[in-house]
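Student: I have a model open and want to learn how to read it. Can we go feature by feature?

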Amino acid sequence: MNELHPEKLHVTFHAGTSRHEPSLPRRYTLTHSDSTGDLFLSIGADYDRKQISGFYTRFMRDEVLAGLKDDGQGVSLHVYCHVSGGFVLGTAGWRSDILHHHMRMVLEALRYGDRELFSAHPEFNRVPVKVHFASSRAKYNRVEDWGLVQAYE
């Protein structure tokens with residue numbers, strides 16, 4: 001899947017998390033099903049540890065964690081991906097290519113899944129997106145600027 005299909009995105013808001021009112025940090029946990037192409041997005045004050053605790057997810061390490069947070073220089077969206085290190089499927093180069101290939105869809109899923117917040121608070125559409133690629137290999141361990149959230153409407 002290379003583009004977002006909203007009908008395949010399943011969104012869950014954790015208890016105490018408003019669809020319209022921001023509370024920072026606001027955390028996103030995104031996983032998917034290889035067999036159906038469905039995406040599962042949890043939104044809350046913390047990451048959905050239950051969603052990423054299964055053996056398959058821990059083996060594949062293809063979950064994406066993200067958060068809207070104020071880092072002292074303003075609000076930004078930080079996205080975290082696991083490229084290499086530990087026991088994971090695939091080489092760092094292969095995983096980096098896949099993550100880069102699907103990142104636009106990932107960012108669209110985060111933006112679309114939390115669209116009520118972005119609609120109620122348009123200032124969040126103008127926050128920068130920083131994607132952190134975590135790798136044990138220096139070549140792939142980096143942070144990239146992916147523009148502003150509004151680019152992923």
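Student: What is the mean pLDDT of the protein chain?

Tutor: pLDDT is the predictor's confidence in each residue, from 0 to 100. The protein chain has a mean pLDDT of 87, and 88% of its residues reach 70 or more. Residues 55–60 fall below 50; beyond near neighbours in sequence, this stretch has 15 contacts in the model. Contact means heavy atoms within 4.5 Å. This is a predicted model, where local features need pLDDT of at least 70, side-chain atom pairs count only at pLDDT 80 or more, and totals for chains, interfaces and linings use all residues. Residues are numbered from 1 along each chain as its sequence is written, and side-chain values use heavy atoms, with hydrogens and water left out.

Student: How many helices and strands does the protein chain have?

Tutor: Both are DSSP runs numbered from the N terminus: helices are H or I with at least four residues, strands are E with at least two. Here there are three helices and seven strands. Along the sequence the pattern reads β-β-β-α-β-β-α-α-β-β.

Student: In which order do the strands of the sheet lie?

Tutor: Start with pairing: two strands pair if DSSP finds at least two bridges between them. The seven strands make an open sheet with mixed pairing, ordered β1-β3-β2-β4-β5-β6-β7. Direction ignored, neighbouring strands are turned by 20° against each other on average.

Student: Which strands does helix α2 touch?

Tutor: Helix α2 (residues 92–113) packs on the sheet and touches β1, β2, β3, β4 (64–70), β5 (75–82), β6 and β7. Its direction makes about 140° with that of β5. For such angles, axes are lines fitted to C-alpha atoms, for helices over the stretch in contact, and values run from 0 to 180 degrees between N-to-C directions.

Student: Do strands run parallel or antiparallel: what about β4 and β5?

Tutor: β4 and β5 run antiparallel, joined by seven bridges. G67 has H78 in β5 as its bridge partner. The two strands form a hairpin with four residues between them, and G72 in the turn has a positive phi of about 90°. On to β5 and β6: they pair in the parallel sense over six bridges. There, H78 has K130 in β6 as its bridge partner. Strand β6 (residues 128–134) also runs antiparallel to β7, over five bridges.

Student: Why is β5 largely enclosed?

Tutor: Buried means under 20% relative accessible area, exposed over 50%, and partly exposed in between (1.4 Å probe, protein chains only). Six of the eight residues of β5 are buried, so the rest of the structure largely encloses this strand. Across the protein chain, 45% of the 153 residues count as buried.

Student: Is G113 buried or exposed?

Tutor: G113 counts as buried, because its relative accessibility is 7%. G113 is in helix α2. Not counting residues up to four places away in sequence, G113 touches L9, V11, F13, L41 and I43. P6 is 107 residues from G113 along the chain, yet their C-alpha atoms are separated by 8.5 Å.

Student: Where is D38?

Tutor: D38 sits in the loop between β2 (26–32) and β3 (39–44). D38 is buried, with a relative accessible area of 16%. Its contacts, not counting residues up to four places away in sequence, are K8, H10, T31, H32 and S33.
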